[in-house]
Amino acid sequence: MAFSEKQLSSIRRVVRDFCERRVPQEVRDQVRLLYTVEGQNVIICESRPNWRDPSKWQEADVAKLRYVAVSDEWKLYWKRASGKWWPYKTRTRSTTLSAMLTEIDGDEYGCFFG
């Protein structure tokens, strides 16, 4: 089931504000946080200029937030070096997207931003 327009608008606002808050304006020519909504997932990625060709930007996934409609909750995942998504902590879930973004901000294990 896809998100409704109202849900999408809320998701975009909350995640956009998170991404803008995490990266100060003065360094946005060096790093950006972007996001996409794919099905029931919100994927946050970091974008930086390629070191060989700074005119090209490259992206690296940072976090995935998956909405589970049946339980009306968000689950948080981080990407391992293998390229596979793993649950962040084993019980990280919440009924609000904002709570999951707060977990990313805290990043007590260094999974999202090292």
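A residue counts here as buried when its relative accessible area is under 20%, as exposed when that area is over 50%, and as partly exposed in between, with a 1.4 Å probe and protein chains only. By that rule Asp107, at 11% relative accessibility, is buried. The structure is a predicted model, in which local features need pLDDT of at least 70 and side-chain atom pairs count only at pLDDT 80 or more, whereas totals for chains, interfaces and linings use all residues. Residues are numbered from 1 along each chain as its sequence is written, and side-chain values use heavy atoms, with hydrogens and water left out. Helices (H or I, at least four residues) and strands (E, at least two) are DSSP runs, numbered from the N terminus.

**Largest pocket**

- The largest pocket holds about 180 Å³ of space, where a pocket is defined on a 1 Å grid over the protein atoms alone as an open set of points where a 1.4 Å probe fits, with protein on both sides within 12 Å along at least five of seven lines. Its volume is the space filled by probe spheres set on the points, which are joined across faces, edges and corners.
- Lining residues, defined as those having an atom within 4 Å of a point, are Phe3, Gln7, Ser10, Ile11, Val14, Tyr67, Asp72, Trp74, Thr95, Thr96, Leu97 and Ser98.
- Helix H1 (5-22) and helix H2 (97-106) each supply at least two residues of this lining, and H1 gives the most, with four residues.
- By type, the lining divides into six nonpolar, five polar and one charged residue, if Ala, Val, Leu, Ile, Met, Phe, Trp, Tyr, Cys and Pro count as nonpolar, Asp, Glu, Lys and Arg as charged, and the others, Gly among them, as polar.

**Helix H2 and the residue after it**

- The buried residues of H2 are Leu97, Met100, Leu101 and Ile104. Seen down the axis of H2, these residues fall within an arc of 100°, so they line one face of the helix; the arc is that of the directions from the helix axis to the C-beta atoms.
- The buried residues of H2 pack against H1, E2, strand E3 (57-68), strand E4 (73-79) and strand E6 (93-94), while the face turned away from the buried side carries the exposed residues Thr102 and Gly106.
- Asp107 is found in the segment after H2, and its phi is near 40°, a positive value in a residue other than glycine.

**Asp72 in a loop**

- Asp72, one of the residues lining the largest pocket, lies in the loop between E3 and E4.
- Although Asp72 is not a glycine, it has a positive phi of about 50°, and at 41% relative accessibility it counts as partly exposed.

- Asn41 lies in strand E2 (residues 41-49) and is buried, with a relative accessible area of 16%.
- The side chain of Asn41 makes a polar contact of 3.0 Å with the side chain of Arg66, a polar contact being a pair of N or O atoms within 3.5 Å; within protein, one must be able to donate a hydrogen and the other to accept it, and residues adjacent in sequence count only if both atoms are side-chain atoms.
- Apart from its neighbours within four places in sequence, Asn41 is in contact (heavy atoms within 4.5 Å) with Thr36, Lys64, Leu65 and Arg66.
- Thr36 lies in strand E1 (residues 32-38) and is partly exposed, with a relative accessible area of 37%. Not counting residues up to four places away in sequence, Thr36 touches Asn41, Val42 and Ile43, and a polar contact of 3.3 Å joins the side chains of Thr36 and Glu38.
- Thr36 and Lys64 are 28 residues apart along the chain, and their C-alpha atoms are separated by 9.7 Å.
- Ser47, also found in strand E2, is buried with a relative accessible area of 3%. Leaving aside its neighbours within four places in sequence, Ser47 is in contact with Gln30, Val31, Arg32, Leu34, Trp57, Gln58 and Glu59.

**Lys84 between E4 and E5**

- Lys84 lies in the loop between E4 and strand E5 (85-87) and, at 56% relative accessibility, counts as exposed.
- Beyond its neighbours within four places in sequence, Lys84 is in contact with Trp78 and Lys79.
- Lys84 and Arg66 are 18 residues apart in sequence and 15 Å apart in space, C-alpha to C-alpha.
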